[in-house]
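Welcome! Please take a moment with the sequence and the 3D view below, and then read on for a short tour.

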Amino acid sequence: MKIVIDCRMIASSGIGSYIVNIVPFIINKFKVYLLGDREKIRKFLSVEDEKIIDFNTNIYTLTEQLLYPVKIYSCDIFWSPHYNIPLLPIKAKKLMVTIHDVYHLAFKNTLTLKQKLYADLMFYVATRKPDIILTDSNFSKKEIIKYTKTSKNIEVVYNAVDEKLFFSSDNVSKEDYILYVGNIKPHKNLIRALEAFSLIKNSKLKFKIVGKYENFITFDKKAIEKINNNSERVELTGYVDNDKLRYLYQKAKLLLFPSLYEGFGLPPLEAMACGCPCVVSNVASLPEVCGDAAYYVDPYSVENIAEGIEKVLADESLRQDLIRKGFENIKRFSWEKSANKIIEIIESLK
């Protein structure tokens, strides 16, 4: 089978990790062509040069839509690992899409009119035009059906952690900081996280925030202002590579992940793999993904978030229990197992 995959988001967090970890298995099984920036693709994947289709156009653009029919080779399947699928006819017999979440529909009140119209159009098409839809969790599957009323087949394929990149180390001692990992967007709930942190009485404790906001249309301006106003105790690192990120997980007292909405949520699993206890929201997909291996808090309550942080910091028995359960929890997820499920789905589309 001949498959074309849109890999333009290969360097992005979240979706980028999904592409980097799944696509190599697909390449080994089928004849695959990759759309995207040649240099970025070659940085992350071992692929023959002639299998890359140069396509540097930004996502969510009119130019993207006009060029899709030109760039996509004649193929059996075109796979878009994001909901921005081609609107115009393309030379693919079948279309597969991954919809990681429907945040833009669930939190439509946070969008501008232009963003609302775009989201309505793209999600409508992305849940009706494809032959099959993939998503990251049972929570997301329910949300897709709830907000789009689609009758298409939706297959749940979990994400996972690359344990060659994220692992614990006995040689690394903990430091006085808590950690957040993720983009700086409103639904990540950093405002309440920062307010909760300000209630923590330990003046030596720092808050390291690993994430970026540059080039995001919907980045959290209020959170950035609050971070800048608390620069003595709060550090925004920006993007870091996987080696640095692993080191930050290993040395953190805990990961705080207070998100209001996640289709999956990789950072808690990465933290668990590194022996870092997690304080996470009790909403969306997080209980499904984290199981009994996290300390849950109400993301809408600043006081409850603060209580969760202090509880995990103070109770060493609880910390060790969360770490132990974290190592067990990540065993439920495997990129190879997920890739094999996608391969089975692809073969079923013949």
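A salt bridge here is a side-chain nitrogen of Lys or Arg within 4 Å of a carboxyl oxygen of Asp or Glu. With that in hand, meet a network of salt bridges that links Arg 38, Arg 42, Asp 49 and Asp 54. This is a predicted model, in which local features need pLDDT of at least 70 and side-chain atom pairs count only at pLDDT 80 or more, while totals for chains, interfaces and linings use all residues. Residues are numbered from 1 along each chain as its sequence is written, and side-chain values use heavy atoms, with hydrogens and water left out.

- Side chains of opposite charge can pair when their charged atoms come close.
- Across the whole structure, a search finds 20 salt bridges.
- One of the pairs is Arg 38 with Asp 49, at 2.9 Å from N to O. Arg 38 sits in helix α2 (residues 38-44) and Asp 49 in the loop between α2 and β3, 11 residues apart; helices (H or I, at least four residues) and strands (E, at least two) are DSSP runs, numbered from the N terminus.
- Arg 38 also forms a salt bridge with Asp 54, where the closest N and O atoms are 2.9 Å apart.
- Is Arg 38 buried or exposed? Arg 38 counts as buried because its relative accessibility is 18% (buried means under 20% relative accessible area, exposed over 50%, partly exposed in between, with a 1.4 Å probe and protein chains only).
- Its two partners are partly exposed: Asp 49 at 37% relative accessibility, and Asp 54 with a relative accessible area of 35%.

**A pair further along the chain**

- Glu 262 and Lys 188 meet through their side chains in a salt bridge of 2.6 Å, N to O.

- An open sheet is formed by 7 strands with parallel pairing, in the order β3-β2-β1-β4-β5-β6-β7 (two strands pair if DSSP finds at least two bridges between them).
- At the edges are β3 (52-54) and β7 (154-156), each pairing on one side only.
- Strands β5 (residues 92-98) and β6 (residues 132-135) run parallel and are joined by 3 bridges. Here Met 96 stands opposite Ile 132 in β6.
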